[in-house]
Amino acid sequence: MTTPVIPKPRAEYQRHKTTKSNFELFAWLFMRISGVFLVILIFGHLIVNLWMGEGVQGLDFGFVGGKWANPFWQIWDLAMLWLAMIHGTNGMRTIINDYAEKPRTNVTLQIILYVASAIIVVLGTLVIFTFSPCPTGADPSLLPSFCQA
């Protein structure tokens, strides 16, 4: 049995330098990696808040105040906020690119998306780091028990 002879192509393959960036590749990778981290962060959040605690009945101002008194939980919730917002914004950006046919509509929707996402991330970050469960001058009977110390 003889092996078939494949004729040599007429022209050698020439690689063309692309001008595109790898942004879409990195966005795709980010969605997968951030999704894994979000699952870990969210299940950790749910286990600590609902399963190990008193359930939904135990979630109140004092619980959140006591939790955010620890820098570990501030960073945990901050990571969850930032990853969720960037993950969701990237997903919405993809949907806008897929369905907004007119360039002007596409740009307008993306600007609205980015502004709304930035506002939510900034406000959420401020709430996490400036939250004070023990405000000065408040009625002591209204404050959580850990503020009495």
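Mentor: Start with the surface. This is a predicted model, and the protein chain has an accessible surface of about 11800 Å². Carbon and sulfur atoms account for 70% of that area. Buried residues make up 27% of the 149 in the chain.

Now the fold. The chain has four helices and zero strands. In sequence order the pattern reads α-α-α-α.

Next, the annotation. An unreviewed UniProt entry marks residues 25–52, 72–90 and 111–131 as "transmembrane region". Take two of these spans against the model. Residues 72–90 are 100% helix and 0% strand. The C-alpha atoms at the ends of that span are 27 Å apart. Residues 111–131 are 95% helix and 0% strand. Here the end C-alpha atoms lie 30 Å apart.

Look closely at Q74. This residue is found in helix α3, which covers residues 71–99. Is Q74 buried or exposed? Its relative accessible area is 13%. The cut-off for buried is under 20%, so Q74 counts as buried. What does Q74 touch, beyond its neighbours within four places in sequence? The contacts are W68, I128 and F129.

I120 has 45% relative accessibility. Buried means under 20% and exposed means over 50%, so I120 is partly exposed. Now pair I120 with M85. The two are 35 residues apart in sequence. In space, their C-alpha atoms are 8.1 Å apart.

Step back to the whole chain. Take the contacts with a sequence separation of 6 or more: 66% of them join residues 24 or more positions apart. What is the overall extent? Along its principal axes, the C-alpha trace spans about 90 × 50 × 25 Å. The radius of gyration is 26 Å, whereas a compact globule of 149 residues would have a value near 15 Å.

Finish with charge. The chain carries 10 positive and 8 negative side chains. The centres of the two sets lie 24 Å apart.

Methods
Residues numbered from 1 in each chain as written. Predicted model: local features only at pLDDT ≥ 70, side-chain atom pairs only at ≥ 80, totals over all residues. Heavy atoms only, no water. UniProt positions renumbered as here; feature names shortened; annotations may be inferred. Helix = DSSP H or I, 4+ residues; strand = E, 2+ residues; numbered from the N terminus. Rg over C-alpha atoms; globule rule 2.2 N^0.38 Å. Buried < 20%, exposed > 50% of the residue type's maximum accessible area, 1.4 Å probe, protein only. Contact = heavy atoms within 4.5 Å. Areas by Shrake-Rupley, 256 points an atom, 1.4 Å probe, with all protein chains shown as cover. Lys, Arg positive; Asp, Glu negative; His and termini not counted. Charge placed at Lys NZ, Arg CZ, Asp CG, Glu CD.
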